[in-house]
Amino acid sequence: MEKKTVLFVDDEEKILTSLKRGLLDESYNTLFANSGKEALEILQQNQVHVIVTDMRMPEMGGLELLKAVKKDYPNVIRMVLSGYTQVSTLLTAINQGEIFRFITKPWKLEEEFKPAVREAVEYYDFQNQHNEPAEETEQHKTEHAEKVLEKS
């Protein structure tokens, strides 16, 4: 099974540095972006399985980023790590960004954060196991149709 990749997005460099140090022993690859724009560039160049983003960032906020990820990369599991906990913002993020988890800052790395990210990676695997047969069936149908056309 391929090693999964998790992208962490936060405009605060000290948060990203803390995450880099704290996640060294994890079994997934880590990528880091300090803006929504940089995160979208990383997504274009890398296969990302889980994204964890802050909500309040300059230029492109977390909600805007989550909507873009949902639209362009629907299989990516979306999470929020934010100190901004206004209920209306939380509900909007959950409903429009379809997030898997919302973790508040400050977080408990070992007890809360790491297990939540691991669950997101496992959920990605679970979703893809259920989607593979449908994809294989579509591919089989396409291959069969091509063979039929060749015989015609």
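His49 is found in the loop that joins helix H2 (36–45) to strand E3 (50–53); helices (H or I, at least four residues) and strands (E, at least two) are DSSP runs, numbered from the N terminus. The model is predicted: local features need pLDDT of at least 70, side-chain atom pairs count only at pLDDT 80 or more, and totals for chains, interfaces and linings use all residues. Residues are numbered from 1 along each chain as its sequence is written, and side-chain values use heavy atoms, with hydrogens and water left out.

His49 is buried, at a relative accessible area of 1% (buried means under 20%, exposed over 50%, partly exposed in between; 1.4 Å probe, protein chains only). A polar atom of the His49 side chain lies 2.8 Å from the backbone nitrogen of Thr5. Glu59 occupies the loop between E3 and helix H3 (62–72). Glu59 is exposed, with 78% relative accessibility. Its phi is positive, about 65°, although Glu59 is not a glycine.

Five strands form an open sheet in the order E2-E1-E3-E4-E5, with parallel pairing (two strands pair if DSSP finds at least two bridges between them). Strand E2 (29–33) and E5 stand at the edges with a single partner strand each, so one side of each lacks a neighbour in the sheet. Strand E1 (residues 5–9) pairs with E2 in the parallel sense over five bridges. Val9 has Ala33 in E2 as its bridge partner.

A cis peptide bond links Lys105 to Pro106, with omega near -10°. Pro106 is found in the loop between strand E5 (101–104) and helix H5 (109–151).

Technical notes. A polar contact is a pair of N or O atoms within 3.5 Å; within protein, one must be able to donate a hydrogen and the other to accept it, and residues adjacent in sequence count only if both atoms are side-chain atoms.
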